[in-house]
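Please work through the two exercises below with the sequence and the model at hand, and try each task before reading its solution.

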Amino acid sequence: MPKYAAAIDQGTTSTRFMIFDHTGNVVAIDQIEHEQIYPKPGWVEHDPLEIWARTQGVIAGALTKGNIDAADIAAVGITNQRETTVIWEKATGVPVCNAIVWQDTRTDKICNELAADGGQDRFRAKTGLPLATYFSGPKIKWILDNVEGARSRAENGELLFGNIDTWVIWNLTGGPNGGAHVTDVSNASRTMLMNLETLEWDDEILEIMDVPKAILPEIRASSEVYGEAVGALAGVPVAGDLGDQQAALFGQACYDVGEAKNTYGTGCFMLLNTGTDAVRSDNGLLTTVAYKIGDEPAVYALEGSIAIAGALVQWLRDNLGLIENSAEVEALARSVDDNGGMYFVPAFSGLFAPYWRSDARGAIVGMTRYVTKGHFARATLEAVAFQTREVLDAMNKDSGVELTALKVDGGMVFNELLMQFQSDILGVPVIRPTVAETTALGAAYAAGMAVGFWKSYDELRSNWGKDKEWDPQMDTEHREAQYRNWKKAVTRTLDWAV
């Protein structure tokens, strides 16, 4: 009888393999970073072959660390950086070019051309998404238009497209030797090519965007058996697939309408469960598919997507050398009492929710000779919290429900200064669960449910536990004054990239 469920968590900066027991506790984990490739300003790429090699490495590493046999694993799920686009040869598994990462802005011209007829919300009624460089559809078009021979080969059925989930599942289940070419509804909803109502590829949008249907994966439920793994996990059912933010919602046990979570990773992403209704946003949020379990109806969510969160701390480390490792940022930020009047708007890839301005670029405002590297660190952390406040305000307006507490997860939730400031600037409690890496947990849950390792939502809810809660300590007047300054700083980032 299998004792565990597992998940591949393929993120923007690293890949992890995590093995969980029936109570949702981590029993083994391995993690490896991969290269971030920046060929030009605004361009961000990954090597898909490196990602697949890292995936195999962490699977072997976690099994070894935990002294676990593949036969002890009931099922494996996949969760992934969404929107990052790979196109590869069906016969060989060789990508036609590097993956174009979700942060990449090279499709700006394509998006502007598409918006010339119908505006930025041209496809929003069908897809829940504005026209933006963020999503996969324009990235597919860019590759087919710019990689020599790619379009004709795609039309001839020689090439396959996938977000990273599809790439990993295809390789995990055999690759050129019968690998399953599938995605789930949550990842498909991030391409700008899937109709939210039918949960199928939309022929009209495919024609407008000039994307051949032949290269697209089959859209499946988030929890069902897609095939069996080969390699180190040989024979284990591959049975769960969720985009990383939807996986975190699922792992946080946000199964009821009105429940929300915020994930602090490379970017920052807040999702609110809206049930079986696809709620359209009037305030700059995305309407997305949260998950679909087997034959049950799809569950939808409103999402606020922030491009740069943890990536800003990495930028302090790698580009400026202000810290040697990311954990040092909290101590450096604590060396000062406040931000010294400095605000840092990290619009490195434009601004995502609620603005959707690809012309924005990063700005540091309010600097004086008084400012030290401690203020830099503090403004970095505060930028994450301010962006989250903007998203929460939009979510409250769209849903008509005032959030009374925020469940949080991801790597940055162990930064206690950030969590306290987040509670202060939101004016609501912030709650960290006992298992903070809920993204991988959500994918393991989806896979486990598909094979009966877990049998009900109540079983999953019972696994959730509170580790720590932060309550607001800032007075309302000070909170709103800081937030006004932030909003003013945001206006300084606009109209830079033309």
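This is a predicted model: local features need pLDDT of at least 70, side-chain atom pairs count only at pLDDT 80 or more; totals for chains, interfaces and linings use all residues.

Residues are numbered from 1 along each chain as its sequence is written, and side-chain values use heavy atoms, with hydrogens and water left out.

**Exercise 1.** Determine which strands stand at the edges of the open sheet of six strands.

Solution. Begin with the strand order, which is β3-β2-β1-β5-β14-β13 with mixed pairing; strands are DSSP runs (E, at least two residues), numbered from the N terminus, and two of them pair if DSSP finds at least two bridges between them. Next, β3 (26-33) and β13 (223-228) each have a single partner strand, so they stand at the edges, and one side of each is left without a neighbour in the sheet. Finally, β13 pairs with β14 (residues 237-243) in the antiparallel sense over three bridges, and the bridge partner of G227 in β14 is V238.

**Exercise 2.** Decide how helix α9 is oriented against helix α14.

Solution. First, take the geometry: α9 (residues 244-251) and α14 (residues 438-450), both DSSP runs (H or I, at least four residues), pack at about 75 degrees with their axes 7 Å apart. The axes are lines fitted to C-alpha atoms over the stretch in contact, and angles run from 0 to 180 degrees between N-to-C directions. That angle makes α9 roughly perpendicular to α14, the term covering 65 to 115 degrees.

How values were computed: Angles under 35 degrees count as roughly parallel, over 145 as roughly antiparallel, 65 to 115 as roughly perpendicular and the rest as oblique.
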